[in-house]
Amino acid sequence: AHCSPVCVPGSVIQHSARFPYYCIIFHLFYIFYAAYVNSCQLVLKHRTSVSMNFFRGVITGQATGPQPTGAETIQKLCDRVASSTLLEDRRDAVRALKSLSKKYRMEVGTQAMDHLINILQTDRSDSEILGYALDTLYNIICNDEEEEQDENAQKQTDDLGAQFTEKFIQDPEHITLLLTLLEEFDFHVRWPGVKLLTALLKNQGVQVQGIVLVSPMGVSRLMDLLADSREVIRNDGLLLLQQLTKGNAAIQKIVAFENAFERLLEIISDEGCSDGGIVVEDCLLLLLNLLKNNSSNQNFFKEGSYIQKMKPWFEVGDDNSGWSAQKVTNLHLMLQLVRVMVSPVNSPGATASCQKSMYQCGLLQQLCTILMATGVPADILTETINTVSEVIRGSQVNQDYFASVNAPSNPPRPAIVVLLMSMVNERQPFVLRCAVLYCFQCFLYRNQKGQGEIVSTLLPSTIDANSISAGQLLCGGLFSVDSLSNWCAAVALAHALQDNLTQKEQLLRVQLATSLGKPPVSLLQQCTNILSQGSKVQTRVGLLMLLCTWISNCPIAVTHFLHNQDNVPFLTAQISENLGEDERLVQGLCALLLGICIYYNDNSLENYTKEKLKQLIEKRIGKENFVEKLGFITKHELYSRAALKPQPIFPSPEQMLFDHEFTKLVKELEGVITKAVHKSSEEDKKEEEVKKTLEQHDNIVTQYKELIREQDAQIQELKEQVASMTTQTDQMQATISQQLSQIQQHKDQYNILKLKLGKDSQSQPSTQADGSQVNGLQTEELSQLREELEELRKQHTLLQTQVGDKDALIDSLKSAAQTSESSGGGSANTELLQELEALKSQVQSQLADINQLKTERQELLRRAEAGAADAAPSSDGTSDAIKELESRLSAQMSETERLKESQAGLEQQLASATSTVAILQTEKSKLQSELQESKKEQDDLLMLLADQDQKIHGLKQRLKDLGEPVEDEDDIDAREQTSDEEDEDED
């Protein structure tokens, strides 16, 4: 270390040169100052070297006098961390604690944790000391040890990590602080922070998940790790999110909605899909965490079209030799991911939707390609079979596609046949045979078409001797010497009969040739023959499950079974014997088979009616003993395991005894068989009577349902007719509006011609001024009168049409009201009819007034035409034009009348279609509003007629002013009466 030079201002030196006394004082001060600085630096250097030597002695173990223990050293380091004011001292102490944290985990954890947390809170500005503190905390909390330890030591280590984790998360702010530090981009802070939080989640996952969940933006901060450009942090971020999402649906949803699916699929694609490394495996494990048993995330995954992005994962080439272990692991996880989306435990709607998407995007086709490919590892082939099974389970479209898949063999064979060949081959691995059985079960699940195809391969008319069919393979496995093949074939054949009465009856036609020279026997009889021969337990259990499924809910099959005289004695003998533990299950199944024969017996055989079979049980077995033996089935330890999942999963072939669908059948029949056995003959008769009564009631209900369906269809048809007529009415209204607009246009043209006629009349020579003025005025008045007459005609016609419409509505309402009153309901209809009658009377009175006004207008028109006959010849051309316009107007009016008549006819049809009481009630408010509008329109027409009356009065006055004689209404009536009398006298 060197002393920094002390700068002396030049002005002071100059001043000291003039005054030697001050110069001496200044030099003395400078000497003392330099000595003080050097002494301070030497002291600091000595302290640092002493401390570093001390640290080296602790780390390297050099003997420097009495050696302190590890706890004492850690205590001194903790004191230095807590008391040092210099950042470098604290950093060195934390670095030393980090180096001691693995060897002295207990001491560092108990003494230094609080100091380390304080460092994280106070020294945020120094990334190096933060990194040392986070590494130290990770070392004391993490339970991962590289050295091999015995079980007790490992358990103590795990307990130690859990204790320190619990101490760390006692204050939730510590987790919040750690989440805040993860926002630091510095590698030395972010990476140890990710590892520390991962270790905390491994030790106390539920508690840490709860703290992160309530922390503001906690999950979002962790999701940012996937976008880090440094692969180490991104990969450890994947491990962190795996621990964070385990078993917490709320966090899984948040992570999914933070665009996790998109990011993970991008990483998988960038890493090479199934050919990628451990990073792809971590991404797939995280996806499984997010989707398994989380319907919300599964729906989000499907709606986001992420299923389509899974298809490239399963693109396998022709050369499938030499798969790496990592590729096998990746593809296995990918197949599990597909199964999660279509698992039978999901809701049926969600599963069906995912199955549809997988077929449409080609994912199912890709899986079938792997299924039929060569060189695929056995475990991948097994998992692919299981995956295809659940993709087609219960989906008719997918099942039909799978039935059309052929194996690349010569000649080509259906994939189902190739798989069944593996199932009945005892040299194939056990898990593969279980997977094939599951695939066959899923293919037949709710697939009556597929069941019919399988059973048809056993019928005599469809057997092809030149090819191997599924039915032949099932029969071969059913009668093989391998008990596992017997069981698998029996269960597969039982699924071909599940809930399908037609195929149960068809299978009774199957005949088998046992040996040369002997007549063929039925398949049902051959199964009972093998039972009576006392084969292995697994074979007998499989055959009994097949027989129970076959004859349940099929009285014809029960009759065939009882027709063989040896079957019932064999069953009673098996049930009544006291056999060992291994035979109890067989006894229970025999009791179930005999109980089915009682419950579904149609009493067609006199020797084996329901009553006689129950008497036989009571005499030879005993009812209580029979029920006890029947209960052996559900009490078996393997029964409950098989009832959990549809997939047959068994640890060993010997434990393969129960089928999932058969457990449902047992659960359904055990109670009813017990009741059937305990019932007396009188109770049976009463029950049969009740059944007949219920059947009659059901028939009545069915008839009423059919009647209601027919009425619904009729109502729907009437509604459609009403809608069609309403549409036609609207179209006619539009046509009428169009015609009215055209009439208005012609009227405007007529007015223009009228104005031109007036101008021509005013331009005549002055010598004929008086006569021309009179004629011009008469012509103008005539034009006005004609115009007014046409307008009144139009209004009168419109009013008559409206009156006719209202009359039609009134008539329809009358008929509806009469119908309603005859059926019992009708106060509201009576009131409505009264209102309509009152309205009709008003309309009739208004119609009388209109007719009177029409008479007056016709008289005025006659007089106007008589006056126009004396007009000048110059108005002939104009009159021709007027006549032409009148003819066009009359044509338009006739067209309008025709349209209105057709509209009236349509409305009458509409009224007749809606003549029922229910439709009348619904249309009541609409008709009332129409009546109100009609009243308003009629009031408007009356006002218009009053205005027209005023105009006619004015025209009469103008005619009087022009010198034309105008008679009053009384004079006109008197003259008409006089003319009538004169006509009578002439006659």
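Predicted model: local features only at pLDDT ≥ 70, side-chain atom pairs only at ≥ 80, totals over all residues.
Biologist: Which helices do the buried residues of helix 15 pack against?

Modeller: Helices (H or I, at least four residues) are DSSP runs numbered from the N terminus, and contact means heavy atoms within 4.5 Å. The buried residues of helix 15, among them Val 279, Cys 283 and Leu 287, pack against helix 12 (231-244), helix 13 (249-257), helix 14 (260-270), helix 16 (295-303) and helix 17 (325-341). Just after helix 15, Asn 293 has a positive phi of about 60 degrees.

Biologist: How is a pair of packed helices described?

Modeller: Two packed helices are described by the angle between their axes and the distance between the axes. Axes are lines fitted to C-alpha atoms, for helices over the stretch in contact, with angles from 0 to 180 degrees between N-to-C directions. For helix 3 (residues 70-83) and helix 5 (residues 105-122), the axes come within 10 Å and cross at roughly 10 degrees. Helix 3 is therefore roughly parallel to helix 5, a label for angles under 35 degrees. Residues including Ile 74 and Cys 78 of helix 3 meet residues including Val 108 and His 115 of helix 5.

Biologist: Which residues touch the most other members of the largest nonpolar core?

Modeller: A nonpolar core is a set of buried Ala, Val, Leu, Ile, Met, Phe, Trp, Tyr and Cys residues joined through side-chain atoms within 4.5 Å. The largest has 208 residues, and Leu 197, Leu 222, Trp 313, Phe 314, Phe 402, Trp 550 and Leu 592 touch the most other members. Helix 23 (residues 430-444) gives the largest share of this core, 12 residues. Beyond its neighbours within four places in sequence, Leu 222 is in contact with Leu 179, Leu 182, Leu 197, Val 212, Leu 240, Leu 241 and Leu 244.

Biologist: Is Glu 661 buried or exposed?

Modeller: Glu 661, placed in helix 37 (residues 660-678), is buried, with a relative accessible area of 10%. Not counting residues up to four places away in sequence, Glu 661 touches Arg 393, Tyr 445, His 495 and Gln 498.

Key: Residues numbered from 1 in each chain as written. Heavy atoms only, no water. Helix = DSSP H or I, 4+ residues; strand = E, 2+ residues; numbered from the N terminus. Parallel < 35°, antiparallel > 145°, perpendicular 65-115°, else oblique. Buried < 20%, exposed > 50% of the residue type's maximum accessible area, 1.4 Å probe, protein only.
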